[in-house]
Amino acid sequence: MKLIYLDNNATTPVAGAVFEAMKPYFVEKYGNASSMYPLAAESHHAMEAARKQVADLIGAAYPDEIIFTSCATESDNTAIFSAVRSFPTKKHIITSAVEHPAILHPLRYLKEHGYQIDYIGVDKQGRFNMSQYKEALRKDTALVSVMWGNNETGTVFPIAEIARLAKAHGALFHTDAVQVIGKMPLDVKNTAIDMLSLSGHKFNAPKGVGALYVRRGTRFTEFMMGGHQEKARRGGTENIPYIVGLGKAAELAKARADNKDTLAKMAALRDRLQEGLLSKIPDSKLNGDPDHRVPNTVNISFGYVEGEAILMHLNEYGICASSGSACTSGSLEPSHVMRAMGVDFQFAHGSVRFSLSEDTTQAEIDKVIEVLPGIIENLRKISPFSRLKK
Amino acid sequence: MWDYTDKVMDHFRHPRNVGVIENADATGQVGSLVCGDALKLTLKINKETEVIEDAKFETFGCASAIASSSVLTEMIKGKTLAQAAKITNQDIADELGSLPAEKMHCSVMGMEALEAAVQSYRQGGKPVVFEQESEKIVCHCFNVSEEAIIKAIRTNHLTTVEEVTFYTKAGGACGKCKGEIQKILDKVNACEVPATASSPEKKFADLTIVEKIKRIEKVLEEDIRPQLNMDGGSVELVDVEGMTIKVRLKGMCSGCLAADATLKGFIERVLKEKLDPAVIVEKA
């Protein structure tokens, strides 16, 4: 059975060109970038080339604004703890209610240790509450950390404006940009963003490598304490093959993000899927902001059925997707994103996210539109709640 | 990805006995849309023999919830109500091969629906929604009572808060009740150990004089006199005033040169340990 992979927000395959670029750095070019001989210089140069590629991807002014990390979770943790350690007298942080756990959990820890955290809410369509945000900003706000694109709904926040307001209040601004990389052109140098996290495996680099952008001049305190690597901003021997892979993937992602046709084609297929499902399946509705959304993501709730059961049936057709249902995660309640958006429980448990890639075909989309209505109908037949709506 | 057995997947893909029995003799329901899983069980019961002749279910939930409901209907058909009532959540999980630990609450839901159905039959077939019997709700997010948690701990020999969450969902949302769950675990698991002294529920200082005397006598009888008897002595309770316990040494102990050491070093030490560190033992 051919796989129909529509879970690219969860992870992506390593691109062939990326894998090829990485290969020499395992067995042949294994030098430690810090050492003093040509073998080491090779590693060092490869790493610096990758740094330039990542800087170009996000529109950073200087390559040395890129710090390589092991993943976006590390980047997020680094940004948060750097902000609070660099400004020890400021005890207030602002974030959104729909962040990734890599932001929410460190902030919960800080809250337990005396910090005040404001969580800015979203409306029914997942849009950032700007007026609540403006009121929350204070003189002692150390950091504002707001995600650029939401992983579950694809909703894109007006980050340039949010960052500008943070800056105007003297607060550092960080964004978790994991879900927008390669999905829209970025130009951080012309924004007020101080720090930005990204993750390699979301754009065809391998799992286990990420980066943190730190604007020149931003006060910084390292998170991983150790050697002098990354200009003493991140201890630990650099993971050269993975960094090379990240660089190559950045180059590919930039080409994709700059190509309007590629993005438009992806958005058109996504919209086809959305329209097909919403029109064919009663009691289904879109989650997220249809007007400000990354082009590859659609999240739809199917009322009165449970998400994991939907996914298990989709598996039988080789279709891979995700759900914000409680049952698919370790937690037992539906996703905090759905709850922050005020999605009713009968819909929250039955949300399914499809995230496309540039390789997704119309035939694949049509297959989903063909099989999903029957799956939902069957599950509703055995659900005691399906009669409720009648 | 959960590790579901073939049998779980079979029952999920091809659920048995789906639907509602018209004019059912028993209807048991558990769960809600809010909780994310719910089960409605209807039974046809032979009034003479109390044998379950038919069982149907409707379930809102994940693959393991559907499979647990489906296999439950198969397990109870042909059984008498009394036999069916003995089915535990572990039996349901065993019948399916196994369930991932995180999904054990699905089997608990089956057991609860069955309990509600049995109750429904006893009440003339009126539908019964499973409710926690106790007044005390520990987890407000999922409406889980202390009794339900204690039952899950005892039935499944749970030792950690995480396990309690997997089996009952308690603590799975906001997590505020995790501390309380830990306390319940401590209490239940302490009781499981055959205790010599009753674990004091009420503080010694808060007991009535009669309760105090009973508790002191119990410790004297179980922990102190047997020791003294070995040396040919004994001890008698004379009076209790607040936290002061007055005793009289008897037999060989009464004239023993080490009487004071026995009184303070042994009797008082044991009573402090078993009752309250604040108690004082004096010679009457």
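The following legends describe close-up views of side-chain contacts in a predicted model. In this predicted model, local features need pLDDT of at least 70 and side-chain atom pairs count only at pLDDT 80 or more, while totals for chains, interfaces and linings use all residues. Residues are numbered from 1 along each chain as its sequence is written, chains are lettered from A in the order in which they are written, and side-chain values use heavy atoms, with hydrogens and water left out.

**View 1. The aromatic pair of A:Phe128 and A:Tyr133.** Over all chains, the structure holds 6 aromatic pairs (ring centres within 6.5 Å; planes under 30 degrees apart are stacked, over 60 edge-to-face, the rest tilted; for Trp the six-membered ring is used). The ring centres of A:Phe128 and A:Tyr133 lie 5.5 Å apart with planes at 65°, so this pair is edge-to-face. A:Phe128 is buried at 9% relative accessibility, and A:Tyr133 is buried at 0% (buried, under 20% relative accessible area; exposed, over 50%; partly exposed, in between; 1.4 Å probe, protein chains only).

**View 2. The salt bridge between A:Arg272 and A:Asp366.** The closest N and O atoms of the two residues are 2.7 Å apart (a salt bridge is a side-chain nitrogen of Lys or Arg within 4 Å of a carboxyl oxygen of Asp or Glu). A:Arg272 belongs to helix H10 (residues 260-280) and A:Asp366 to helix H14 (residues 362-381) of chain A, so the contact ties together parts 94 residues apart in sequence (helices, H or I, of at least four residues, and strands, E, of at least two, are DSSP runs numbered from the N terminus). Both A:Arg272, at 36% relative accessibility, and A:Asp366, at 27%, are partly exposed.

**View 3. The salt bridge between A:Lys367 and A:Glu370.** Here the closest N and O atoms are 3.9 Å apart. The two residues are 3 apart in helix H14 of chain A, a separation of about one helical turn. A:Lys367 is partly exposed at 29% relative accessibility, whereas A:Glu370 is exposed at 52%.

View 4. The whole structure contains 0 disulfides over all chains (a disulfide is a pair of cysteine sulfur atoms within 2.5 Å). B:Cys106 is buried at 1% relative accessibility, and B:Cys177 is buried at 7%.
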